Amino acid sequence: MRKISNATVQRILEASDIVEVVSDFVSLKRRGANWVGLCPFHNDRSPSFYVSKAKGLCKCFSCGEGGSAVNFIMKLEQLTYYEALKYLGRKYNIDVEERELTDEERRAETARENMMAVNDFAMRFFEKTMLESDEGRDIGLSYFRYRGISDQMIGRFHLGFAPEERDALYRKATGRGYSEEYLISTGLCNKTEDGKIYDRFRGRVIYPILSLSGKVVAFGGRTLRKEKNIAKYVNSPESEIYSKRRELYGLYQAKQAISKAGKCIIVEGYMDVISMHQAGLCNVVASSGTALTVEQVRLIKRFTNNVTLIYDADAAGIKASLRGIELLLQDGMDIKVLLLPEGEDPDSFSQNHSSTEVEKFIADNETDFITFMARILMKDASDDPAMRARVITRIVKTIALIPNEITRSVYIQECSRILFIAEDVLQREVGKSFNELALKSREEKLRAESLTTVPGNAPDGTQTPQDEAAETPPEQPQPSLSRPTGHASELRPFEMALMQLVARYGNYAFAEGVDEDGNAVPITVLEYITDDMAADSITLSNPDLDLFFREARQLSRLTYADDLRHEEERLTKVRAEEFAKGVEEIRAKATDVGSISAMEKSLTERLDAAYTKGLEDFSVSYLSKLLCFSADDTIRNLSTEMVVEKHILSKMHTKYAHVDTEQELLGDLVPRALHELKDAILWTRIKEIRAELSTCASSDYDRALSLMARIRDLETMRSGLAKLIGDRVIAPKK
């Protein structure tokens, strides 16, 4: 097995459009310079997931998840770093050049990749069997055609057929080099106690189950036999790559239609989904006969807040599925329910009606969930006061799940009319239930926080303990700014602020200095911070931030010069092409030599400005892009946290007044961040000495005086820093 080369990673980084990548999974809307949608990583009720096309990053400002395109794919699809890169490579048609993996990397990636690969092989095997073998055509293909499924839909959903032979798939797969281990772990094959292997899906039509990104994670198989002792449906077991709680059948094929329509239609079975897609309603998915889960609800909410559930008129499982529907309500989704005419199911109804007729029937007959729930439950309780009271209590608790107060009030009014209960009574009971739920939620949050391990102030292994006090008064040391012991958590905000400037602007030349010959030289943010910290022997106390800082310096030292040269060459080529094109246009439009000269001068100035701006943008974003694509989880996650900005000024705000950007204020911000870190270090030193002074014996007068003198010197240094903090200390580059 091999690992993707650095050059290929760079090409993937440059090609990946974060908006395009995220849009494959989340419905995004433009908001100023950014895009926003519902976070796919937590139970998001209002859009808090921001995507910055310019920075190439996404971030949820509620749960904190996000990152670069590769980080997003890793977390969403549960892929390794290199699997995510390969996904993006395929998306952007980039040939992936690889190097040899280490033994540890090989072990980490093998299992999941092999399971995905064997599932993909099995899907192609089932498809080919149905289309090319006599048994497949006579049984499987005939069945789908009997059910009215077109060849287009057979291909769209990768439908297939598993031969009746006991181990046909097993022999074919192992003959192609696929391991028995992964055939069994995916559930494609089973092993008996005496060691014999047999295929799970023998003699069945096959429905592959695809993940949101289109990977085959499982299969469903339906028998066409009539024997009662044979299960009608057999499904893949839970595995490392498949959890039925996290998948919705047809979502891969439906996600774009759901986003476009602004609604998701949920049905029960595979054929219901396929037939409705064939009828032209492509925003349809299936829960595959199971009650909706929290994970499935969150999948849907990535694309829409509007859901319509379709049931057979005589569906016995409606009451059992109410809990799943309540999950949708709790997420703030708008839920409609539709009962089909007697004797119809989504499959038959969509086969017998045009898409226009189906859409009209849905629009005319869908009803809100609370009304539907009340009518369903009250059918069996109308003559039983005790049961009626229990039903009303359940409905009250369901309404209390709705987060929006106005929506709750509307449902209370409707239920008051249906249940013949005074509105104020329902309002009071819903309020009590809502408050109970809110209290329970707060208690659970506090309990979770109390179980979270809070990092202590113990020094890490690289820190040097303070010298033990000698019996005789020691020589008074000079105040030092080197890393204090045991104060990592206190210093973290200041170190984080400094590293944030490195992440955002590390290679940007924000000021000018003078070399030994008296010539002006540019100073980058990273150079300024590195030199200033070295001058005062400052090291970062938080190991993760120290790792980040070392990686930033290494990238800048090893790769920046070459990459900058390539960017200069690219921009020079673009400038030459634009200049040639502009000159042709000028000479076609100009009427005299004077106007040609003036227009060419204007063109040159515009292209020179674009060239300069291009180099500046490259230097500003260089480190952030590389660090956000780092193979190291710690560095990648830190970079994302540092680079993404939460508050974006509106166009209206910036239209009437110039607001200095952070980049324009670097001449103030960089020195101030350094001064504030130094001040924090001095303060931790003072605290340490005060603690030492409090334990000093009353008879040890000389030592007490020495400690007080050290405190005085440190306070003097803090006073000097206080005069600098907030003041401009270097002139920004013009």
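**Notebook: strands, a sheet and a surface patch**

I started with the hairpin of β5 and β6, which has five residues between the strands, and found Gly64 there with a positive phi near 90°. A reminder to myself before going on: this is a predicted model.

**Entry 1: around β5**

I stayed with this hairpin and looked up its pairing. Strand β6 covers residues 66–67, and two bridges join β5 to β6 in an antiparallel arrangement. Across this pair, I found Cys58 opposite Gly67 in β6.

Next I turned to the other neighbour, β4. Strand β4 takes in residues 49–52 and runs antiparallel to β5, with four bridges between them. Here Tyr50 is the residue that stands opposite Lys59 in β5. β4 and β5 also make a hairpin, this one with four residues between the strands. I checked its turn for glycine and noted Gly56, whose phi is positive at about 70°.

Then I asked myself: are the faces of strand β5 covered or open? Both faces are covered. Leu57 and Lys59 lie on one side, Cys58 and Cys60 lie on the other, and all four are buried. I kept in mind that side chains in a regular strand alternate between the two faces of the sheet.

**Entry 2: the four-stranded sheet**

Which strands form the open sheet, and in what order? I read the order as β8-β11-β12-β13, four strands with antiparallel pairing. The edges are β8 (160–162) and β13 (233–235), each of which pairs on one side only. From one strand to the next, the twist averages 35°.

I then zoomed in on β11 and β12. Strand β11 spans residues 204–210, strand β12 spans residues 216–223, and seven bridges join the two, which run antiparallel. In this pair I located Ile206 opposite Gly221 in β12.

What lies across β8, β11 and β12? I found helix α6 there, residues 134–146, running at about 65° to β11.

**Entry 3: a patch on the surface**

My last stop was a nonpolar patch on the surface, formed by Tyr701, Leu705 and Met708. Together these residues have about 310 Å² of accessible area. I traced Tyr701 to helix α28, which covers residues 701–724. Why does Tyr701 count as exposed? Tyr701 does so because its relative accessible area is 54%, and the cut-off for exposed is over 50%.

Methods
Residues numbered from 1 in each chain as written. Predicted model: local features only at pLDDT ≥ 70, side-chain atom pairs only at ≥ 80, totals over all residues. Heavy atoms only, no water. Buried < 20%, exposed > 50% of the residue type's maximum accessible area, 1.4 Å probe, protein only. Pairing = 2+ DSSP bridges. Axes fitted to C-alpha atoms, helices over the stretch in contact; angles between N-to-C directions. Contact = heavy atoms within 4.5 Å. Patch = residues over 30% accessible without salt bridge, like charges linked within 9 Å, V, L, I, M, F, W, Y side chains within 5 Å. Areas by Shrake-Rupley, 256 points an atom, 1.4 Å probe, with all protein chains shown as cover. Salt bridge = Lys/Arg side-chain N within 4 Å of Asp/Glu carboxyl O.
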